[in-house]
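I opened a new notebook page for this one. I wanted to look up how the pieces pack before anything else.

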Amino acid sequence: MNSKAKFISIEGGEGAGKSTAIKTIQSYLNQHGIAHIVTREPGGTPLAEKIRSLLLDKSEETLLPESELLLFFAGRYQHVEHVIKPALEKGLWVISDRFVAASFAYQGAGRGIAEDRITYLKQWLLGSLSPDYTLLLDAPPALGLDRIKARGELDRIEIEKIDFFNRIRAYYLNLAAKEPARFHVIDTNRSLSDVEENTCLWLQGICRG
Ligand code: T5A
């Protein structure tokens, strides 16, 4: 088995099945004795979790796209410096429920912020840190939103119009096509057992290196 600690991010639209896939990944890594942490964005540190609430809770004051982008990066920098880098340095695999691709998809393609502004923040704050692998869970936005509506009340971002989520989905799929060595796409408009099997096969390939 390839022993270098891996940094893996999980991306996708709302309700595409990220949390579900992460449970499969955790159980696979535990079975194979691979030491790891599971973390998330927005969030991942106590302060970044407070930023998460600012980002997801509905408020009377409109959160402007630029402020939104900067808050995501503020939380991400805390997360990277306090959690992700130390874990990788200790040899732990890092599984992150979303990472910087989400800023390009949501704040870039979704909100319309110019890509070079997001690239600037990425280069400044993250340097060369990038996930070794990204699992993209893909489902039609309407299906993902139906799944999360069944779970309860929608957050500030989940109440956006369907076009917003269609742009995000198209961005992710395009990025995955441009970076096939890093991305693996799983269509989650399939049974949970199919998605689980595909996730385990993908991990097997990563472990063999
Ligand atoms: N954001 C985030 C940005 O705008 N910019 C950024 O830079 C970052 C980092 C974060 C929000 O912030 C935005 C994106 C988001 O709007 P989040 O905590 O990541 O939010 O929340 P969501 O993406 O909304 O994640 P969810 O938990 O809502 O969805 P998941 O994890 O994708 O879906 P999951 O696994 O919980 O599944 C949802 C339901 O569907 C069922 C599950 O059982 C569950 O009930 N399901 C299936 N049912 C049938 N068949 C399948 N194959 C299924 N897969 C899952």
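**Entry 1: α2 against α3.** I began with handedness: α2 passes α3 in a left-handed crossing. I kept in mind that this is a predicted model.

Next I looked up the geometry. Helix α2 covers residues 46–56, and its axis lies 8 Å from that of α3, at an angle of about 160°. Anything over 145 degrees counts as roughly antiparallel, so α2 and α3 are roughly antiparallel to each other.

Which residues make the contact between α2 and α3? On the α2 side I noted L47, A48, I51, L54 and L55. On the α3 side I wrote down E68, L71, F72, A74, G75 and Q78. I sorted the residues of this contact by type and got 8 nonpolar, 2 polar and 1 charged.

**Entry 2: the sheet.** I turned to the strands. How many strands form the open sheet, and in what order? There are 5, and they run β2-β3-β1-β4-β5 with parallel pairing. At the edges I found β2 (36–40) and β5 (183–187), each of which pairs on one side only. From one strand to the next, the twist averages 20°.

I then picked out one pair. Strand β1 takes up residues 7–12 and strand β3 residues 93–97, and the two pair in the parallel sense over 4 bridges. For S9 I looked up the bridge partner in β3, and S96 is the residue.

Helix α3 came up again here. This helix spans residues 65–89 and packs on the sheet, where it touches β1, β2 and β3. Its direction makes about 160° with that of β2.

**Entry 3: α1 against α8.** One more helix pair to check. Helix α1 is residues 18–31 and helix α8 is residues 192–208. Their axes come within 10 Å and cross at roughly 45°. Are α1 and α8 roughly parallel or oblique to each other? Under 35 degrees would count as roughly parallel, and α1 and α8 are therefore oblique. As for handedness, α1 passes α8 in a right-handed crossing.

I listed the contact residues too. From α1 come T20, A21, T24, I25 and Y28. From α8 come L192, E196, T199, C200, W202, L203, Q204 and C207. By type, the residues of this contact divide into 8 nonpolar, 4 polar and 1 charged.

**Recap.** I leave the page with a left-handed crossing for α2 and α3, a right-handed one for α1 and α8, and a parallel sheet of 5 strands.

Terms used. Residues numbered from 1 in each chain as written. Predicted model: local features only at pLDDT ≥ 70, side-chain atom pairs only at ≥ 80, totals over all residues. Heavy atoms only, no water. Pairing = 2+ DSSP bridges. Axes fitted to C-alpha atoms, helices over the stretch in contact; angles between N-to-C directions. Contact = heavy atoms within 4.5 Å. Parallel < 35°, antiparallel > 145°, perpendicular 65-115°, else oblique. Left-handed = near helix turned anticlockwise from the far one by under 90°. Nonpolar A, V, L, I, M, F, W, Y, C, P; charged D, E, K, R; others polar.
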